[in-house]
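Please open the model in your viewer and keep the sequence panel beside it, so that each selection can be followed in both.

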Amino acid sequence: MFHEPGAAPNVGWAFMFSLTAILGAWGGGTLGQSDWTRYATKQMAPVPSQLIASPLTITVTAVIGIVVTSAARDILGGEVIWNPIYLLAAMQEYYGSNSGVRAGVFFGGLGLVASQLAISVVLNAMSCGMDMAGLWPQYINIRRGAAVMAVIGIAIQPWQLLATAAKFLQVLSGFGVFLAPLTGIMLADYHIVRQRKLKINDLYRGDSSSIYWYRGGLNWRAPVAFFMGAWPMLPGLVASVDAFTDPSWVGWIRLYNLTFIVGLAIGFVVFLGLNLAFPPPGLGEEAEFEPINDSRPVSFDGPSHAQFDGHHGQQEKTAPVYIV
């Protein structure tokens, strides 16, 4: 099993597509990690998880999936069962539902349930809730944002994405078309353009007094760089999903197989170039966070995001809370 050669027509491009699928699947976590790292008490606290834990767990999980699927093909009669739920059912049927296999299927299913709960609640619902609360805090708090995400998650019918292994990988890889340019833009903005300097109070000001207000609250450089990084991948995405066999599409498909790498690079370079040509205001400025009490108190009966303390849950109702 471990010495069997690759069956793909072009192993090198198949390998790159596999990398793109994994990077695309984890791209959302890359963009949303600041939702959680902001709770760190030390500057270097997130490093072990990002440098060791994440790459190790992603690699081990992928390897185990390949080994288990390959072993099941040899043991269960030659069929490749990629869906772990179907695989557990096939195992139980093959071994006659004896007590040992029932226990194994139970703990395997329990692991799947725990994994999906962790991903759906922590990575999807809570992160989306935080972002939506930041965008519209007057009407949405973290809980309401998470509820909105749950409704949207059901509405897009994700079970349709699991119809076949090929479609599943195409969907995972397709995420990178949009996430890669965003990642490149954020890396360029923080590390190169801003030189890792932030004027914290201005991040919370929604008017022209903030250096991050740009033009009417929109930094036009970002959507331009995003579009330039995303559009070259779209033809390859369409060709891959629709399984085009015309040789004229090979180049687009191969570019799409490098989605995350190329998209990140284009977004990074274009955004950096636009900022060099058209420098935004406030470059080089930085300042620590200084609480400023506004005259508008926040009601605890309303949905404001400010009523939740990130470290200790909901604050006491006797404590005055103000919008900063």
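A residue is called buried when its relative accessible area is under 20%, exposed when that area is over 50%, and partly exposed in between. The model on your screen is a predicted one.

Begin by selecting Ser210, which sits in the loop between helix 7 and helix 8. Is Ser210 buried or exposed? With a relative accessible area of 6%, Ser210 falls under the 20% cut-off and is therefore buried. Now show the side chain of Ser210 and follow it to the backbone nitrogen of Tyr212, which it reaches at 3.0 Å. If neighbours within four places in sequence are left aside, Ser210 is in contact with Asp202 and Arg205.

Next, select Leu198, which also lies in the loop between helix 7 and helix 8. Leu198 has a relative accessibility of 31% and counts as partly exposed. Which residues does Leu198 touch, once neighbours within four places in sequence are left aside? The contacts of Leu198 are with Tyr190, Tyr212, Glu285, Glu286 and Ala287.

Turn now to the aromatic rings, for which a search of the whole structure finds four pairs. One of them joins Trp136 and Tyr139, whose ring centres are 5.1 Å apart and whose planes make an angle of 65°, an edge-to-face arrangement. Tyr139 is partly exposed, at a relative accessible area of 45%.

Another of these pairs is formed by Trp220 and Phe278, again edge-to-face, at 5.4 Å centre to centre and with 70° between the planes. This pair links distant parts of the chain, since Trp220 belongs to the loop between helix 7 (165-193) and helix 8 (221-230), while Phe278 belongs to the loop between helix 11 (259-277) and strand 1 (308-309), 58 residues apart. Trp220 is partly exposed at 27% relative accessible area, and Phe278 is likewise partly exposed, at 45%.

Finally, colour the chain by pLDDT, which averages 81, with 89% of the residues scoring at least 70. Where is confidence lowest, and where is it highest? The lowest mean, 40, is in strand 2 (residues 313-314), whereas the highest, 95, is in helix 8.

Conventions
Residues are numbered from 1 along each chain as its sequence is written. This is a predicted model: local features need pLDDT of at least 70, side-chain atom pairs count only at pLDDT 80 or more; totals for chains, interfaces and linings use all residues. Side-chain values use heavy atoms; hydrogens and water are left out. Rings of Phe, Tyr and Trp (its six-membered ring) pair if their centres lie within 6.5 Å; planes under 30 degrees apart count as stacked, over 60 as edge-to-face and the rest as tilted. Buried means under 20% relative accessible area, exposed over 50%, partly exposed in between (1.4 Å probe, protein chains only). Helices (H or I, at least four residues) and strands (E, at least two) are DSSP runs, numbered from the N terminus. pLDDT is the predictor's confidence in each residue, from 0 to 100. Contact means heavy atoms within 4.5 Å. A polar contact is a pair of N or O atoms within 3.5 Å; within protein, one must be able to donate a hydrogen and the other to accept it, and residues adjacent in sequence count only if both atoms are side-chain atoms.
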